[in-house]
Amino acid sequence: MNEPQGVDTAVDLGGISLRNPVLTASGTFGYGTEFAPFLDLRRLGGFVAKSLTLEPRIGNPPPRIAEAPSGMLNAIGLENVGVEAFIGEKLPAIPEGVTVIASVFETEIDRYAEVCKRLTGVPRIAGLEVNASCPHVKSGGIEFGQDPTVLGRLVRTARQATTLPLLVKLSPNVTDIAEMARICEGEGASGISLINAVQALEVDPETRRPLLANGLGGLSGPAIRPIALRMVWQASQAVTIPICGIGGIENAADAVKFLLCGATAVQVGTSNYLQPSIAGDVADGIADYAVRHGYPRIRDLVGALELPGR
Amino acid sequence: MAEEIWEGYGEGVAPIRAEAEVVRNVREGPSSWRLVLRVPGWPGFLPGQFAMLSAGAQQAARRTDPLLPRPMAVYRAATGGDQSDLEILYKCVGRGTALLAEALPGQRVAIVGPLGKAFRPPRSGERVIIVAGGTGIASVYELAARLAGSHPVEVLFGARTASDLMAVEDFEALEISLRVATEDGSAGVRGVVTDLLESALDGPTRGVDVPGSGRRVYVCGPTAMMRRCAEIASRREVPCVAALENTMACGFGVCLGCAAPLQEGGYALVCLDGPAFDAASIDWERLP
């Protein structure tokens with residue numbers, strides 16, 4: 001599948017073997033089976049499941065989402081079935097031959113480690129993605145990924161808690177993404193995923209209130225794509241571990257841009273909501289691009305951005 | 001079971017994604033429109049199910065602003081061969097629906113559907129009272145049409161003024177009883193539709209009640225009106241089913257954006273667990 005005219009589409013994302021470089025982003029693809037009516041999941045490199053916490057969480061009061069120019073804001077608030085129900089009920093329902101990456105989300109470092117441990121050794125889980133964009137309770141609500149020291153401790157603790165390939169999903173709400181990427185590499189992360197949603201606020205002038213019950217939310221969708229490309233490029237210049245590019249990907253051309261800027265793989269996010277079969281089309285389209293441009297292996301596109309001479 | 005008038009109301013029909021062709025898109029009132037979409041491979045739908053329509057026609061490039069598709073009740077459908085003509089009634093209220101109103105015959109609109117669960121059907125012999133406010137009428141035509149003939153059906157339709165009424169002729173063509181209320185009295189009785197519900201439940205039943213069988217209320221409209229209907233029905237121990245609306249990004253249980261607060265605590269998803277709920281299960285106080 002996905003190997004038109006002999007293009008080698010396989011990539012290695014920090015020890016996770018993917019049949020092609022297209023994943024779907026955590027929180028935009030449920031637990032996978034929701035997409036079965038629209039898409040053969042085996043067309044994808046794999047998917048990152050909805051972030052898991054130790055206990056089930058019911059999430060934030062509504063309104064939880066709002067529209068923004070070429071994007072959307074969300075503040076869902078950790079709603080998930082919890083790690084046990086994921087292992088017991090959701091994972092067995094995912095068809096064989098689909099690569100599953102579990103996403104881990106907590107409010108304290110010790111609890112992150114517990115979720116990582118619980119997921120380790122579970123058949124079918126190919127790797128973990130630690131979501132470092134969650135507010136850290138003990139640091140007064142600042143995101144884990146915003147404080148270099150806290151991020152370092154989180155990655156070190158997660159690394160010690162699991163033998164699985166470990167991706168760290170970085171927050172874009174930082175001044176220097178290269179520094180955060182280097183910390184992940186230094187603490188033993190297998191790879192990094194970026195970017196998570198951009199902190200944002202939208203307001204209704206008539207009611208003088210934020211559109212979201214939570215006030216602040218995360219902006220995603222095509223609006224953030226150039227920001228994401230810039231950050232992937234900067235991170236790829238700073239580290240040698242592989243990068244998974246995320247941010248407003250709508251089609252294969254967008255995905256190729258991320259590969260050129262140094263991403264080994266990509267995650268399709270918000271577009272899954274609007275076009276539930278789109279991730280499969282992106283995977284096929286990247287292979288077509290490789291054929292058209294004479295690349296026998298998709299991994300040769302990684303970092304192939306040509307910069308103008310100085 | 002006798003109450004299973006349509007099978008699989010708990011599941012609905014499995015959805016498809018398709019590029020639909022605009023057959024007709026006509027204005028029927030100051031801000032109300034009727035859209036007819038030709039959908040290849042449409043699998044049919046059950047009363048209460050909806051579809052996600054992308055905002056505006058598909059041009060050379062996909063539109064990203066506004067980004068999200070809009071949830072719309074499937075009003076009714078006519079099937080011929082392997083394609084169906086879907087009717088959607090909508091009001092131009094914002095950017096998404098304004099763009100939809102610009103879609104011309106022959107242009108394409110992306111659709112995902114049918115989505116959500118069907119209305120729980122009434123029991124055999126139950127008297128059915130359907131209350132609709134404004135565009136809520138679009139969610140209940142199929143319900144009324146499928147129950148007409150097998151159940152005594154009364155539709156109570158309320159709007160601010162006569163020109164806000166939609167599709168009245170369609171309901172008049174059914175074997176049902178239709179009563180209209182407008183706040184300014186420009187059509188039907190002057191007043192609000194919740195008053196019609198009270199009199200329907202309390203007043204002389206005009207021979208439609210079958211002795212020994214129950215009554216059931218279905219309601220779709222503005223939140224305040226649905227909440228009031230739920231109270232009216234609850235006080236008389238009549239089961240009430242409310243079809244909720246909410247902003248959604250996906251429509252199939254993934255974005256988790258359309259949370260509705262429940263009396264028992266926690267949330268249900270309007271797209272997956274609804275849109276129709278037992279009205280007594282909803283925490284109306286916390287519903288925005």
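Buried residues make up 55% of the 310 residues in chain A, in a model that is predicted. A residue is called buried here if 20 or more other C-beta atoms lie within 10 Å of its own C-beta atom.

**Overall form of chain A**

- For a chain of 310 residues, a compact globule would have a radius of gyration near 19 Å, and chain A agrees with this because its own value is 18 Å.
- If one takes the contacts in chain A between residues at least 6 apart in sequence, 70% of them join residues that are at least 24 apart.

**A four-stranded sheet in chain A**

- Four strands of chain A form an open sheet in the order 5-6-14-11, and their pairing is antiparallel.
- Strand 5 and strand 11 (198-200) of chain A stand at the edges of this sheet with a single partner strand each, so one side of each is left without a neighbour in the sheet.
- From one strand to the next, the twist averages 35°.
- In general, the strands of a sheet pair through backbone hydrogen bonds, either parallel or antiparallel.
- Within this sheet, strand 6 of chain A pairs with strand 14 (residues 217-220) of chain A in the antiparallel sense, over three bridges.
- A:Leu73 has A:Leu219, in strand 14 of chain A, as its bridge partner.

**Where chain A touches chain B**

- The contact between the chains takes 28 residues from chain A and 27 residues from chain B.
- On the side of chain A that touches chain B, strand 5 (65-68), strand 6 (71-74) and helix 7 (271-274) of chain A each supply at least two residues.
- Strand 6 of chain A gives the most to this side, with three residues.
- By class, the residues on this side of chain A divide into 15 nonpolar, eight polar and five charged.

**The two domains of chain B**

- The domain assignment divides chain B into domain 1 (16-115) and domain 2 (127-243), and the C-alpha centres of these two domains lie 26 Å apart.
- Their contact takes 12 residues from domain 1 of chain B and 13 residues from domain 2 of chain B.
- On the side of domain 1 of chain B that touches domain 2 of chain B, strand 6 (residues 83-91) of chain B gives the most, with three residues.
- That side of domain 1 of chain B has six nonpolar, three polar and three charged residues.

Notes:
Residues numbered from 1 in each chain as written. Chains lettered and ligands numbered in written order. Predicted model: local features only at pLDDT ≥ 70, side-chain atom pairs only at ≥ 80, totals over all residues. Contact = placed C-beta atoms within 7 Å. Nonpolar A, V, L, I, M, F, W, Y, C, P; charged D, E, K, R; others polar. Pairing = 2+ DSSP bridges. Axes fitted to C-alpha atoms, helices over the stretch in contact; angles between N-to-C directions. Domains from an automatic or database assignment. Rg over C-alpha atoms; globule rule 2.2 N^0.38 Å. Buried ≥ 20, exposed ≤ 12 C-beta atoms within 10 Å, placed from the backbone.
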